[in-house]
Amino acid sequence: MIRNCGTITTILLMITICTSCAGKPEVGINKETIYDRPMPKVEHEYLLGPGDVLEIVYHYTPRPDTKTYVLSVADVLKIEFAYHPDMNRELVVRPDGNITMPKIGAVYALGLTPLQLQEKIRDIYGKDFIDPIVTVTMIQYNRTIDRLKKAITTSARGQSKLSAVRPDGYLSFPVINDVLAGGKTLPEVKAILTKQYQAQVDNLTITLILKVMKANLIYILGEVSKPDQYLVDGKITVSQLVARAGGTKDTAEKSTILVISRDKKRRPWGRLVNLEKILYDADLSQDLTLHQYDIVYVPKSAIARRNLFVDQYINKMIPTSLIGPYELGGTAFDGSLIQTNPIIK
């Protein structure tokens, strides 16, 4: 009878302890709720990185240009002398920027207007002829656009080109120099490309599209089922990242999740997120939108830290020789301890 009373008392004590430890219910709202505070906005633009693929679409609209045309490589010119027809020539601007004139050889023409070249030739030949009359006529010009058209029409995609950001951070496109894209935003890269192309081709505009995203990485570690780096296609919040990482462990402290970001000056910026309020109260205003390269850390709860302390500094540090087998819950055979259990389970 006494033994049964003791058993019943133990069971009731365990039920009381379990009930007190159960805490509040998993969901704390019982009706539709709208919160005044909106969800946090995205504060930084995506930074391009190795592996990202960009598509550049070219838009060329032939129209009268208010700028004076300057000579470029591969332009074809006709040089005519009014009173010396034997000097007339049809010439091509060489890659070194020169044209070859009779008797005097190379004359630098790159970057000059036709009128400037005409005056330059007249001055040069003024030593041999009296008041020479020289005319420069453009036969073929704007050859850069021809080379660009040839480069982009060989693509199956039509008037566009794809280029991936190389490990060194650079992009390669037709006609222009390589452009450093790593660590820059899409509008910044577009501005650089536009400037380079407008210096080469008149009446050309471009559209830049991010086709493949490879550098939008976010990291999560701590008390989640699958801590790792995650590549995200678009925007993602703390709760969505936790879900992608398999959810939090039982040992997690969900009320103080740390998010480490970078501000506009690339300085570390730490914020705390209360995941309990998100999941318990459905308060999405607490749910931060994560940015590229953010780090999310889910810490251990207080009781999990105590359990870890007991396991590391008590169970694994006290030598079994200092405590008898009965205190350790072990079994003695011929004076030797052959089976032990930890002091605290």
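Visitor: What should I know before we start?
Guide: This is a predicted model, in which local features need pLDDT of at least 70 and side-chain atom pairs count only at pLDDT 80 or more, while totals for chains, interfaces and linings use all residues. Residues are numbered from 1 along each chain as its sequence is written, and side-chain values use heavy atoms, with hydrogens and water left out.

Visitor: In what order do the three strands of the open sheet come?
Guide: The order is β7-β1-β10, with antiparallel pairing. Strands are DSSP runs of E with at least two residues, helices are runs of H or I with at least four, and both are numbered from the N terminus. Two strands pair if DSSP finds at least two bridges between them.

Visitor: Which strands are at the edges?
Guide: The edge strands are β7 (160-164) and β10 (204-212), each of which pairs on one side only.

Visitor: And how many bridges join β1 and β7?
Guide: Strand β1, residues 53-60, pairs with β7 over five bridges. Val53 has Ala164 of β7 as its bridge partner.

Visitor: Which helix lies across β1 and β10?
Guide: Helix α4 (residues 186-200) does, and it runs at about 145 degrees to β10. Such angles run from 0 to 180 degrees between N-to-C directions, with axes fitted to C-alpha atoms, for helices over the stretch in contact. Contact means heavy atoms within 4.5 Å.

Visitor: New topic: how many aromatic pairs are there?
Guide: The structure holds four. Rings of Phe, Tyr and Trp (its six-membered ring) pair if their centres lie within 6.5 Å; planes under 30 degrees apart count as stacked, over 60 as edge-to-face and the rest as tilted. The ring centres of Tyr58 and Tyr197 are 5.4 Å apart and their planes stand at 80 degrees, so this pair is edge-to-face.
Guide: Tyr58 counts as buried, at 7% relative accessibility. Buried means under 20% relative accessible area, exposed over 50%, and partly exposed in between (1.4 Å probe, protein chains only). Tyr197 is buried too, at 1%.

Visitor: Where is Tyr293?
Guide: Tyr293 is in the loop between β16 (289-290) and β17 (295-298), and counts as partly exposed at 31% relative accessibility. Leaving aside neighbours within four places in sequence, its contacts include Ala215 and Arg262.
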